[in-house]
Amino acid sequence: MSDHQEKEQPRRRQARGERRIAQLLQAAASVFCTTGYTAASTNAIAREAGVSPGTLYQFFPNKEAIAIELGDRLMHEMRETYGEALATVDPATPLEQAIETAVDRFIEFNCRRPEFFALMHGPDAPGRIAEAHDALHATLVARVETLLTGFLPDTPAPDVHRVAQVCLGIYKAGLELVLAHEGAEREAYVQELKDVLLRYLTPLTHVARTP
């Protein structure tokens with residue numbers, strides 16, 4: 001066997017392993033969405049992936065390890081999403097447009113990845129995931145504050161922080177309703193969520209701009 005062939009074999013094994021891990025994580029995402037984290041089992045995840053439990057245990061020792069790996073990947077993807085969704089906007093951008101852009105980006109991610117909501121907001125998520133989610137939430141609040149500052153230029157920082165927290169609370173509550181519906185009804189709930197945020201923020205921006 002040549003040196004080239006010897007190097008290729010580990011690479012192929014590694015590629016197969018990565019594909020199997022991706023397959024198991026996709027199956028876990030489906031099971032977590034269907035049953036929730038607590039009721040999920042490694043047997044159910046293996047069955048969903050079409051592999052034996054023994055194959056699953058070659059890659060993950062338990063359900064928590066699967067959830068943590070899935071959570072880490074979702075966190076990375078979510079950070080990229082909010083980086084785009086909460087980018088600094090032009091001061092001339094209308095408030096309604098800023099809300100629409102941010103909400104659309106977040107909704108697209110959460111509808112494409114419903115397991116993020118199922119895993120991050122469940123009452124029994126593994127401790128490491130809960131800690132990572134708390135850190136993500138703190139970063140999100142800071143980014144929303146930066147976004148809001150352009151619309152509330154003279155508002156004291158503690159007030160902007162409070163408004164950012166309320167906005168995220170409204171979004172989280174609305175997201176649960178959005179994910180519970182599909183098709184035209186889902187779109188209607190998305191629009192309701194945008195309207196609620198606009199009606200909450202509009203009076204605040206008018207007060208901020210009053211001389």
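## Cysteines

Cysteine 167 is buried, at a relative accessible area of 10%; buried here means under 20% relative accessible area, exposed means over 50%, and partly exposed is anything in between (1.4 Å probe, protein chains only). Cysteine 33, with 34%, is partly exposed. The disulfide count comes to zero, taking a disulfide as a pair of cysteine sulfur atoms within 2.5 Å.

Some ground rules before going on. This is a predicted model, with residues numbered from 1 along each chain as its sequence is written. Local features need pLDDT of at least 70, side-chain atom pairs count only at pLDDT 80 or more, totals for chains, interfaces and linings use all residues, and side-chain values use heavy atoms, leaving out hydrogens and water.

Searching the whole structure turns up eight salt bridges, where a salt bridge is a side-chain nitrogen of Lys or Arg within 4 Å of a carboxyl oxygen of Asp or Glu. One of them pairs arginine 73 with glutamate 69, with 2.7 Å between the closest N and O atoms.

That pair sits in helix H4 (residues 63–85), and because the two residues are four apart there, about one helical turn separates arginine 73 from glutamate 69. Helices in this numbering are DSSP runs (H or I, at least four residues; strands are E, at least two), counted from the N terminus.

## Arginine 113 and its partners

Now for glutamate 77, which bridges to arginine 113 with the closest N and O atoms 3.2 Å apart. Glutamate 77 belongs to helix H4, while arginine 113 is in the loop between helix H5 (95–112) and helix H6 (114–120), so this bridge ties together parts 36 residues apart in sequence. Glutamate 77 is buried, with a relative accessible area of 18%, whereas arginine 113 is partly exposed at 28%.

Arginine 113 also forms a salt bridge with glutamate 115, and here the closest N and O atoms are 2.9 Å apart. Glutamate 115 is buried, its relative accessible area being 5%. Through shared partners, salt bridges link Glu77, Glu108, Arg112, Arg113 and Glu115 into one network.
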